[in-house]
Amino acid sequence: MLQDSFGRRFYYLRLSITDVCNFRCQYCLPDGYQGEAQQFLSVNEIDTLVNAFAQMGTSKIRITGGEPTLRRDIVDVVARCAVTPGISKVAMTTHAGKLASLATPLAAAGLKQVNISLDSLEPAQFALLSGQDKLAAVLDGVESALVEGMNVKVNAVLMRPWAESQLRDFTAWLKDMPVTVRFIELMETGQHKAFFKSHHVSAEPYLAALRQQGWQALPRGKDAGPAIELAHPDYVGNIGFIMPYSSDFCNSCNRLRITALGKLHLCLFSDQGLDLRESLQSGDVEAVKTFVTDSLADKKVSHYLQDGITGITRNLSMLGG
């Protein structure tokens with residue numbers, strides 16, 4: 001089992017397969033994708049990587065981007081992860097712009113869960129925040145994933161001045177919608193420090209208000225992400241909060257990250273990526289295992305985000321959040 005010097009165990013790998021995204025979210029890529037053409041991890045390299053992590057106790061793989069559905073081989077990537085011995089859950093984070101047409105083949109390939117980035121249910125506000133007038137397509141993607149039996153979670157970044165309307169609209173939506181909406185506190189990144197200062201709002205008062213309204217915390221699984229999730233008997237859906245600025249946020253860390261270029265990041269806000277590409281290209285599973293195990297000795301106790309330290313993370317598309 002992968003374990004760091006603070007006793008934290010790592011059951012969960014976040015695997016980016018591209019840093020390209022065709023949305024222009026204000027808090028991530030407001031000017032659109034500016035990167036250059038690069039050789040992202042191949043399906044064979046991904047196979048080597050996932051086998052190595054599975055042999056070290058990882059049971060959950062989350063495929064991220066950028067936007068992972070922009071890769072033409074996304075179904076093959078999911079299938080390769082899903083058939084790996086030891087991997088019990090394959091999930092994906094997506095803006096869902098293409099999910100309606102991909103839900104059926106992705107489900108057949110073994111995708112069990114999708115986390116859909118959706119910051120507003122109001123069309124004009126959605127277009128403003130995402131840079132794309134595609135709310136209808138995204139909601140079609142939500143419906144298609146539910147029809148295929150996937151566990152659907154919706155990620156909404158909580159931002160001033162829209163936080164009140166976000167909470168109101170999504171809570172009403174959950175009355176009859178069997179999904180979990182997680183409100184994520186805006187995180188500071190290298191390219192967006194000014195945006196963070198003007199738009200960040202704490203989730204604490206919203207969480208407290210919902211608890212007063214009868215929402216109850218759900219138990220957290222060993223391979224779960226960092227969200228506090230709540231349920232209410234009068235609502236079909238659930239609500240969650242991800243609060244990276246809380247003092248104990250890093251205590252329950254159970255995930256590592258790999259970039260689309262094959263670099264290991266011990267934290268979303270680490271100051272460097274550790275290059276695994278040579279071992280992945282050669283298919284050397286044992287070399288990958290040794291490298292990752294040795295690297296864990298350098299994992300820090302905290303992301304230090306509360307101190308304004310953002311590492312080399314220029315924007316969230318680099319590592320998939």
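User: Hi! Before we look at helix α10, what does buried mean here?
Analyst: Buried means under 20% relative accessible area. Keep in mind that this is a predicted model.

User: Great. Which residues of helix α10 are buried?
Analyst: In α10, which spans residues 285–295, they are Val-285, Val-288, Lys-289, Val-292 and Ser-295.

User: And how are they arranged around the axis?
Analyst: They cover an arc of only 140°, so they sit on the same side of α10.

User: Nice. Which residue caps the N-terminal end of α10?
Analyst: Asp-284 does, with a side-chain oxygen 3.3 Å from the backbone nitrogen of Glu-286.

User: Switching to Ser-130: is that one buried or exposed?
Analyst: Ser-130 counts as buried because its relative accessibility is 3%, under the 20% cut-off. It belongs to helix α4, residues 123–130.

User: What does its side chain reach?
Analyst: The side chain of Ser-130 reaches the backbone oxygen of Phe-126 at 2.8 Å. Leaving aside neighbours within four places in sequence, Ser-130 also contacts Phe-23, Arg-24 and Cys-25.

User: Last topic: how do the axes of α2 and α3 cross?
Analyst: Helix α2 (residues 74–82) and helix α3 (residues 99–109) have axes that come within 8 Å and cross at roughly 25°. The two are therefore roughly parallel, and the crossing is right-handed.

User: Which residues meet there?
Analyst: Ile-74, Val-75, Val-78, Ala-79 and Ala-82 from α2 meet Leu-102, Pro-105, Leu-106 and Ala-109 from α3.

Methods
Residues are numbered from 1 along each chain as its sequence is written. This is a predicted model: local features need pLDDT of at least 70, side-chain atom pairs count only at pLDDT 80 or more; totals for chains, interfaces and linings use all residues. Side-chain values use heavy atoms; hydrogens and water are left out. Helices (H or I, at least four residues) and strands (E, at least two) are DSSP runs, numbered from the N terminus. Buried means under 20% relative accessible area, exposed over 50%, partly exposed in between (1.4 Å probe, protein chains only). A polar contact is a pair of N or O atoms within 3.5 Å; within protein, one must be able to donate a hydrogen and the other to accept it, and residues adjacent in sequence count only if both atoms are side-chain atoms. Contact means heavy atoms within 4.5 Å. The arc is that of the directions from the helix axis to the C-beta atoms. Axes are lines fitted to C-alpha atoms, for helices over the stretch in contact, and angles run from 0 to 180 degrees between N-to-C directions. Angles under 35 degrees count as roughly parallel, over 145 as roughly antiparallel, 65 to 115 as roughly perpendicular and the rest as oblique. A crossing is left-handed if the near helix is turned anticlockwise from the far one by less than a right angle, and right-handed if clockwise.
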